[in-house]
Amino acid sequence: MRYPDPDVVVLDKSFAKYKIGNTPIQRLHTGSLWAEGCAWNGQGRYLVWSDIPNDRQLRWLEEDGHVSTFRKPAHYSNGNTFDYEGRQLSCEHNARRVARYEHNGKVTVIADKWQGKPLNAPNDIVVHPDGGIWFTDPGYGITGNYEGHTDKLQIKEAVYRVDGKTLKMDKVTDEMYKPNGLCFSPDYKKLYICETGSSHYPEAAKNIRVYDVVDSRSLKNGKQYISMDLPGKGAGLADGLRADVDGNIWVGAGWVGPGYDGVHIFSPGGQRIGMILLPEMCANVCFGGTKRNRLFMCASQSLYSVYVETQGAHIA
């Protein structure tokens, strides 16, 4: 690779400061069928991610780059994160639940029903400093057997918040067709949610919405943050996303092709300022490494990373 890496693309001069001139995009592992849900464990210095169709979670060790099977079966898990006590939270398609893996190895079911009916198939998940657990439930895990099992949706696709101590559950919005990836702004005053409903609803927009977070518990003032349309290329889907300390939003994107698939970076105001082009479509991203300045990217069959001159805003 000749430096600077040409696939880290500066679209606006404001992104130039985040591009490191002498670092490459690296493929750390390949062999997944559909890589999703990367999350960084700071204490253990490892990255965990889901290989959904193979019903396993994989772990990459920072120390020597070793990759091993972390959990199998994994209930066809999708999104993962770690809470402020270092416990792993997983959205499990096949079990139609959000599970917390305790330090002693036991499993706590955080959510599996809404008003007596089973959840569709939880997808992505984030935590709030107050202990709240926020997750999306678009139902992809029961639309076929490849990523879970075939079943019927019994409730509207929605986004939920669960109190981490009492496990009281509240629906925070159901106005999107299929809410997918989600992340908070650095100050936790806004919540960004990817809309991927066009996979099943032709009228659904290909965009990301943003909401004001009220008292750390509810949402209001939902509106479009950005459209995923890229002039000259078309509109793909935004899947997973994370914020950096400056409030920029780093978005896994795909379903268009070369010159689009990879990571799109947007300013807090919604301007596309940069891209990281990958040879595969990108589903999810997270910041990790000792300094949280390494962007990890789950892209179809592979795990990629690149160092950037910023840091992730949150712990996982």
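**Two open antiparallel sheets**

Strand β28, spanning residues 294–299, and strand β29, spanning residues 302–307, pair in the antiparallel sense over six bridges, where strands are DSSP runs of E of at least two residues, numbered from the N terminus, and two strands count as paired if DSSP finds at least two bridges between them. Within this pairing, leucine 295 stands opposite valine 306 in β29. The model is a predicted one, in which local features need pLDDT of at least 70 and side-chain atom pairs count only at pLDDT 80 or more, whereas totals for chains, interfaces and linings use all residues. Residues are numbered from 1 along each chain as its sequence is written, and side-chain values use heavy atoms, with hydrogens and water left out.

Strands β28 and β29 belong to an open sheet of four strands with antiparallel pairing, in the order β2-β29-β28-β27. The edges are taken by β2 (26–30) and β27 (284–288), each of which has a single partner strand, so that one side of each is left without a neighbour in the sheet. Neighbouring strands of this sheet are turned against each other by 25° on average, direction ignored, the axes being lines fitted to C-alpha atoms and the angles running from 0 to 180 degrees between N-to-C directions.

Five bridges join β3 to strand β4 (residues 46–51) in the antiparallel sense, and asparagine 41 has tyrosine 46 in β4 as its bridge partner.
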